[in-house]
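Please keep the structure open while reading.

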Amino acid sequence: MGLYLLDYGAGNVQSLANSLSKLGHSFEWISSPADFHKATSLIFPGVGAFETAVENLTKKGLLEPLREYLQSGKPYFGICIGMQVLFQSSAESPNFYGLGIVPTTIDRFDDSDKTVPHMGWNSADLVQTPDVGPAFYYFVHSYCAKYSPTDRPEAASWTYTTTQYGGEIFISSVRKGNVFGTQFHPEKSGAAGLALIDNWLRTPEAERSAGISKPVSLPPPTVSLKSRDNLSKRIIACMDVRSDDNGNLIVTKGDQYDVREKVPSGSSMQVKTGGAVRNLGKPVTLASKYYAAGADEICLLNITSFRHSPLQDQPMLAVVRAAAKYVFVPLTIGGGIKDTVDPDGTKRSALEVASEYFRAGADKVSIGSDAVYAAEKLLASGQNHGDGTSSIATIAHAYGRQAVVVSIDPRRVYVDAVTYNGPHKDELVHGSPESILESDRGKSWWYACTVSGGRETRSISVCQLARAVEVLGAGEILVNSIDRDGTGLGFDSDLLRLVKGSVKVPVVASSGAGKKEHFSEVFEQTGVEAALAAGIFHRGEVDIGEVKEHLTHNNIKVRTYVA
């Protein structure tokens with residue numbers, strides 16, 4: 001079998017390559033237009049923005065050969081953008097046109113009743129064989145093909161599965177003749193996704209060329225928010241990666257951002273700078289462990305940025321490449337995603353740095369301090385849009401905003417609510433008599449954002465930052481809490497409610513988890529889309545399976561299937 005993968009030059013194509021290797025399938029890469037004639041099966045693992053995909057395919061002379069391949073009748077499997085390019089056009093990039101094979105357009109989700117991007121695990125409900133139960137896969141996209149057999153009957157005849165998100169139903173996969181395409185990412189959907197890829201490849205090519213299922217008369221869309229919107233809450237395992245004092249890469253975890261062990265000082269225990277960096281294991285080993293335990297995503301944060309390493313010798317790239325061989329759920333990489341200069345003086349843009357991580361196997365990049373500076377610049381300009389030069393904007397333009405996470409590190413600033421008349425008066429939080437921390441009872445505060453790993457406090461508030469980075473192109477916001485980090489007292493619900501009320505992109509809760517009940521509390525009290533934890537998983541205090549079992553018991557929807 002001549003299986004080829006199409007790499008248009010951007011995005012995380014390595015994850016599919018790793019999936020195929022794990023499943024035992026050999027393949028070649030499309031490196032020139034002539035390779036299309038050699039292929040007897042073709043997979044297009046598209047990751048990124050519609051414009052970038054079409055533009056790069058055109059520049060490389062691959063767009064028309066791709067069209068010819070599709071018309072040849074040989075099997076084709078398009079993933080995400082690899083499916084979307086089959087359509088006429090996309091609202092994401094109005095000046096660019098797709099192949100027009102599926103006769104309808106790609107439109108943006110309506111964000112009036114939900115967050116956008118649509119991000120997480122959702123069901124793909126079979127239409128052509130409705131007697132089969134739904135399967136759950138990983139989605140991450142802001143644009144989709146709306147399912148409307150009445151208004152778009154020709155496009156509806158391509159529909160293989162549909163998915164509901166909020167009050168909208170969209171086409172989550174297409175199938176007709178030799179063409180199969182999925183909006184979701186099977187290579188990032190754990191065992192279910194790997195099985196889908198394997199089944200497609202092990203089906204004889206003649207059957208895949210003819211199409212296993214014939215188009216049928218489709219039912220009109222029906223919306224039942226309780227029964228059909230199956231988007232689950234995500235549980236994310238996070239690892240802070242840095243070098244120890246001997247130069248070895250380890251996973252560590254701090255208490256309010258201090259990662260060194262406590263050492264005796266007199267009659268008391270105090271945190272001393274001379275203490276060793278807390279070592280909780282090797283990053284790749286732990287990533288593999290958490291994947292097997294059922295984590296919905298894995299987050300690797302480079303907390304020292306390896307400032308003296310040139311991009312071509314960046315230690316975290318090796319970590320990502322290794323982890324991506326064993327982890328088949330989304331990988332987020334953070335730390336050092338910014339414009340930088342190598343020791344030899346070579347300038348590297350944030351986009352170039354992010355691109356290397358995507359090529360190594362990352363699905364999303366997390367931006368920290370650089371996002372604060374970009375937000376401050378936007379606020380100082382007095383404009384309601386950026387100039388397109390920030391790291392957030394450039395990466396979002398190339399890969400789609402769903403690929404950009406902004407990680408914020410706020411801390412409380414206590415004020416006298418009676419006399420305070422500062423710029424953040426409308427964001428004040430007032431501690432109740434039942435506050436978890438006794439020191440908060442009867443006090444008021446606002447949340448100031450920080451940079452440099454929490455070492456420098458800025459005047460910009462958490463709400464200002466959240467709104468600004470959404471404007472700049474962030475697709476998700478990770479909310480840490482310096483005050484709760486390492487305390488085990490639970491997530492800061494006051495902080496999370498402020499951020500959720502400020503943006504329409506997904507929000508991830510972080511910092512403070514100490515027991516499984518904290519996860520149900522944060523979902524019920526704040527409505528965040530995901531919750532992240534580190535120390536309690538590393539130390540074995542709580543297992544990911546326990547968390548999900550507890551959430552299920554409390555009627556909170558989670559992905560529970562693990563191979």
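**Helix packing**

Helix axes are lines fitted to C-alpha atoms over the stretch in contact, and the angle between two of them is taken between N-to-C directions, from 0 to 180 degrees. In this predicted model, helix 16 (residues 493–500) packs against helix 17 (residues 517–526) with their axes 10 Å apart and at an angle of about 40 degrees. Angles under 35 degrees count as roughly parallel and those from 65 to 115 as roughly perpendicular, so helix 16 and helix 17 are oblique to each other. The crossing of helix 16 past helix 17 is right-handed. On the helix 16 side, the residues that meet helix 17 are Ser 493, Leu 496, Arg 497 and Lys 500. Their counterparts in helix 17 are Val 522, Gln 525 and Thr 526.

A second pair is formed by helix 13 (residues 369–381) and helix 15 (residues 462–472), whose axes cross at roughly 90 degrees and come within 9 Å. Helix 13 is therefore roughly perpendicular to helix 15. Helix 13 makes this contact through Ala 371, Val 372, Ala 374, Ala 375, Leu 378 and Leu 379. Helix 15 contributes Gln 464, Leu 465, Ala 468, Val 469, Val 471 and Leu 472.

**The chain as a whole**

The chain contains 19 helices and 28 strands. It has 563 residues, and 57% of them are buried. Among contacts with a sequence separation of 6 or more, 71% are between residues 24 or more positions apart.

**Annotated active site**

An unreviewed UniProt entry places the feature "active site" at Cys 80, His 185, Glu 187, Asp 240 and Asp 409. Of these, Cys 80 and His 185 are included in the lining of the largest cavity.

Cys 80 is found in strand 4 (residues 76–80). Its relative accessible area is 5%, and the cut-off for buried is under 20%, so Cys 80 is buried. Leaving aside residues up to four places away in sequence, Cys 80 touches Gly 46, Thr 182, Gln 183, Phe 184 and His 185. Asp 240 counts as buried because its relative accessibility is 14%.

**Annotated binding site**

The feature "binding site", again from an unreviewed UniProt entry, is placed at Gly 336 and Asn 480. Gly 336 is in the loop between strand 17 (331–334) and strand 18 (340–341). Asn 480 is in the loop between strand 26 (476–479) and helix 16.

Are these two positions buried or exposed, or in between? Gly 336 has a relative accessibility of 27% and so counts as partly exposed. Asn 480 has a relative accessible area of 9% and is therefore buried.

**Backbone details**

Where in the chain does the cis peptide bond involving Pro 117 fall? The bond runs from Val 116 to Pro 117, with omega near 15 degrees. Pro 117 lies in the loop between strand 5 (107–108) and strand 6 (118–126).

Two residues other than glycine have a positive phi and deserve mention here: Cys 80 and Ser 452. For Cys 80, phi is near 60 degrees. For Ser 452, phi is about 55 degrees. Cys 80 belongs to a strand, whereas Ser 452 is in the loop between strand 24 (444–451) and strand 25 (456–461). Ser 452 has a relative accessible area of 28% and is therefore partly exposed.

Ile 101 lies in the loop between helix 5 (81–84) and strand 5. Because its relative accessibility is 24%, Ile 101 counts as partly exposed. Ile 101 and Gln 71 are 30 residues apart in sequence, and their C-alpha atoms are 9.3 Å apart in space. Which residues does Ile 101 touch, not counting those up to four places away in sequence? Ile 101 touches Leu 70, Leu 86 and Trp 158.

Note on methods: Residues are numbered from 1 along each chain as its sequence is written. This is a predicted model: local features need pLDDT of at least 70, side-chain atom pairs count only at pLDDT 80 or more; totals for chains, interfaces and linings use all residues. Side-chain values use heavy atoms; hydrogens and water are left out. Helices (H or I, at least four residues) and strands (E, at least two) are DSSP runs, numbered from the N terminus. Buried means under 20% relative accessible area, exposed over 50%, partly exposed in between (1.4 Å probe, protein chains only). UniProt positions are given in the numbering used here, feature names are shortened, and annotations may be inferred rather than shown by experiment. On a 1 Å grid over the protein atoms alone, a cavity is a set of points where a 1.4 Å probe fits but cannot get out, and a pocket is an open set with protein on both sides within 12 Å along at least five of seven lines; lining residues have an atom within 4 Å of a point. Contact means heavy atoms within 4.5 Å. Angles under 35 degrees count as roughly parallel, over 145 as roughly antiparallel, 65 to 115 as roughly perpendicular and the rest as oblique. A crossing is left-handed if the near helix is turned anticlockwise from the far one by less than a right angle, and right-handed if clockwise.
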